[in-house]
Amino acid sequence: MGALCGSQAPLKLIVHNERKTERVVGGNDAIPNSWPWQVSLQFSYEYDDAYFYHSCGGTIIHSTWVMTAAHCVDSPQGKVYRVALGEHNLFENDGSEMIIPVDKIIVHELWDPTQLGKGNDIAMLRLKTPAFDNGYVQLGNLPAYDEIVPHNQACYITGWGLTQSGGSIPAILQEAILPVVEYPICSRDNWWAHFVRNTMVCAGGDGFTAGCQGDSGGPLNCFSDGAWRIQGIVSFGPAPYCNTFMKPTVFTRVSAFTDWIYNVSF
């Protein structure tokens, strides 16, 4: 990673449920810094940048680039964004955090905020200064182009989302196992039907464990070939109850966008 780090400003954070993003239901506290590529995407208002609000997750995949969902940053007017790397407890300074402002946002050109089911829910954030390996931050691994995760493979969703529908945001990063549901099943009429595409990954759907408001943009972590790979970006789920039977959390399939990622960043 790069040799410079971002500003180590004190973390002043307020919970803010501005929009219906996705968060973890049915998860557990993660071991501190066990998902070192996990990012907390935070924003402030231009007229008052003393306080920042956790809004979404993300994944650092290059010293100056973070991957997240397009719907997390498709309304940037009047907002200032930053990322918190090496984060564990949102409400405490753990000594592992690296806080870096975002200076450029690239949203996929085919993203349509009025039609979430069309896909392309992906964005890249360029950091103002490079991150570096401080012992708590590592880069997330991308999958091979068009790689498909096998049906029923156990992957992990991670994030600071609501732990129950209508609940409150947790202080501690949550993790939960979500088995992948293959596209031919997830696209059945009694599952997600035409709302999912083969450029997406479904995971979960047992009615107990799911992403929920606020995990949007965060990773679906799947282990293959001796390493954790970021196979998905949290995109959407059922409303108002996140943990709905046969309505798994839906992720942007990263392997369908690796060419785009390399073309617009790095």
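Thr249 is placed in strand β14, which covers residues 249-253, where helices (H or I, at least four residues) and strands (E, at least two) are DSSP runs numbered from the N terminus. Because its relative accessibility is 1%, Thr249 counts as buried; the term buried means under 20% relative accessible area, exposed means over 50% and partly exposed lies in between, with a 1.4 Å probe and protein chains only.

The side chain of Thr249 reaches the backbone nitrogen of Gly211 at 2.8 Å. If neighbours within four places in sequence are left aside, Thr249 is in contact (heavy atoms within 4.5 Å) with Leu178, Val201, Cys202, Ala203, Ala210, Gly211, Val234 and Phe236.

## Basis of the values

This is a predicted model, in which local features need pLDDT of at least 70 and side-chain atom pairs count only at pLDDT 80 or more, while totals for chains, interfaces and linings use all residues. Residues are numbered from 1 along each chain as its sequence is written, and side-chain values use heavy atoms, with hydrogens and water left out.

A disulfide is a covalent bond between the sulfur atoms of two cysteines. Here the term is applied to a pair of cysteine sulfur atoms within 2.5 Å, and the structure holds 4 disulfides.

Cys202, one of the residues in contact with Thr249, forms a disulfide with Cys186, and their sulfur atoms are 2.0 Å apart. This pair links distant parts of the chain, since Cys186 belongs to helix α1 (residues 183-186) and Cys202 to strand β11 (residues 200-203), 16 residues apart. The link of Cys186 and Cys202 is left-handed, with -85° about the S-S bond. Cys186 counts as buried because its relative accessibility is 0%, and Cys202 counts as buried at 4%.

## Other disulfides and the pattern

Cys155 is joined to Cys222 by a disulfide with an S to S distance of 2.1 Å. Cys155 lies in strand β9 (residues 154-159) and Cys222 in strand β12 (residues 219-224), so this pair ties together parts that are 67 residues apart in sequence. The torsion about their S-S bond is about 115°, which means that the disulfide is right-handed.

Another disulfide joins Cys56 to Cys72, with 2.2 Å from S to S, and both of these cysteines are buried. When the bonded cysteines are counted along the chain, the disulfides of the protein chain follow the pattern 1-2, 3-7, 4-5, 6-8.

Key
A polar contact is a pair of N or O atoms within 3.5 Å; within protein, one must be able to donate a hydrogen and the other to accept it, and residues adjacent in sequence count only if both atoms are side-chain atoms.
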